[in-house]
Amino acid sequence: MAIHKLGGGAMARPRLVSDDVILDATREVLAELGPVKLTLAAVGSRVGLAPPTLMQRFGSKRGLLLASAARSPLMVQRLAEEVAGRNSSPLATLRDFALSAVAHIEHREQLGNGLGFVQLDVADPEFRRHALAHSAAIVDSCDRFYRAAMEAGELRADTDVPALARHTLVCFNGALQVWAVNGWGPLTGFLAEQLDLMIAPYLIQE
């Protein structure tokens with residue numbers, strides 16, 4: 001980190017651009033270009049930093065992508081807390097959780113570029129570790145929402161919550177991949193339809 005002298009001493013120069021801002025920009029560039037075409041220059045131009053500065057901060061393009069992957073479980077947890085605070089129904093919270101996660105995706109190409117990360121998740125152990133943590137954060141959040149839904153009388157008491165939470169991850173990821181190819185209407189509408197079909201058998205019929 002660069003330093004400057006003040007009154008005979010040395011102190012660290014404050015970072016004017018936070019890591020979160022850089023990683024948000026990285027996410028945007030990933031959606032536009034994918035991990036292969038992403039460059040430090042492309043990310044740096046979004047936040048007003050030169051590539052050498054990003055190199056100093058993250059070590060390399062790989063380091064930047066790993067930092068982005070490492071932050072993803074925390075982003076899931078933050079979103080889960082956010083949606084829980086604005087919904088009274090646990091199932092409405094779960095729906096909001098899933099749809100808010102994809103609200104920024106408008107075009108199939110964005111999602112296709114993001115799915116390029118899956119190759120890294122499969123082939124590279126470091127990326128896979130973060131991918132597993134990301135999946136676990138989604139499943140854990142869904143598990144919590146479903147248990148709350150049972151207590152609120154929205155889901156049947158015999159619902160296998162752990163299995164349904166895992167199934168929700170499968171439904172979510174599967175819907176994204178299918179939509180990336182077929183583009184059946186707006187993504188949020190397509191995903192909402194798949195979630196509703198999945199949950200319907202577990203609802204308490206009034």
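Leucine 191 touches Ala98, Leu99, Val102, Phe172 and Ala175, leaving aside residues up to four places away in sequence; contact means heavy atoms within 4.5 Å. This is a predicted model, in which local features need pLDDT of at least 70 and side-chain atom pairs count only at pLDDT 80 or more, while totals for chains, interfaces and linings use all residues. Residues are numbered from 1 along each chain as its sequence is written, and side-chain values use heavy atoms, with hydrogens and water left out.

**Confidence**

- The chain has a mean pLDDT of 89, and 92% of its residues reach 70 or more. pLDDT is the predictor's confidence in each residue, from 0 to 100.
- Confidence is highest in helix 5 (residues 90-101), at a mean of 97, and lowest in strand 1 (residues 3-6), at 36. Helices (H or I, at least four residues) and strands (E, at least two) are DSSP runs, numbered from the N terminus.
- Residues 1-13 have pLDDT below 50, and this stretch has 18 contacts in the model beyond near neighbours in sequence.
- Where pLDDT is low, the predicted coordinates should not be read in detail.

**Nonpolar cores**

- The largest nonpolar core has 37 residues; Phe97, Tyr146 and Leu191 touch the most other members. Such a core is a set of buried Ala, Val, Leu, Ile, Met, Phe, Trp, Tyr and Cys residues joined through side-chain atoms within 4.5 Å. Buried means under 20% relative accessible area, exposed over 50%, and partly exposed in between (1.4 Å probe, protein chains only).
- Helix 4 (61-84), helix 5, helix 8 (125-151), helix 9 (161-182) and helix 10 (187-199) each supply at least two residues of this core.
- Helix 9 gives the most to this core, with 10 residues.
- Another core, of 19 residues, lies apart from it; Val17, Leu54, Leu65 and Phe127 are among its members.

**Phenylalanine 190**

- Phenylalanine 190 lies in helix 10. Its relative accessible area is 8%, so phenylalanine 190 is buried.
- Phenylalanine 190 touches Ala175, Val178, Trp179 and Trp184, not counting residues up to four places away in sequence.
- Phenylalanine 190 and leucine 99 are 91 residues apart in sequence, and their C-alpha atoms are 9.9 Å apart in space.

**Annotated region and helix 3**

- UniProt, in an unreviewed entry, places the feature "DNA-binding region" at residues 39-58. UniProt positions are given in the numbering used here, feature names are shortened, and annotations may be inferred rather than shown by experiment.
- Residues 39-58 are 80% helix and 0% strand, with the end C-alpha atoms 13 Å apart.
- Helix 3 (residues 51-58) has Leu54, Arg57 and Phe58 as its buried residues. Seen down the helix axis, these fall within an arc of 75°, so they line one face of helix 3. The arc is that of the directions from the helix axis to the C-beta atoms.
- The buried residues of helix 3 pack against helix 1 (19-37), helix 2 (40-47) and helix 4.
- Pro52 and Gln56 are exposed on the other side of helix 3.
- Glycine 59 follows helix 3 and has a positive phi, near 90°.

**Cysteines**

- The whole structure holds zero disulfides. A disulfide is a pair of cysteine sulfur atoms within 2.5 Å.
- The sulfur of cysteine 142 has its closest cysteine sulfur in cysteine 171, 9.8 Å away, too far for a bond.
- Cysteine 142 is buried, with a relative accessible area of 2%.
- Cysteine 171 also counts as buried, at 14% relative accessibility.
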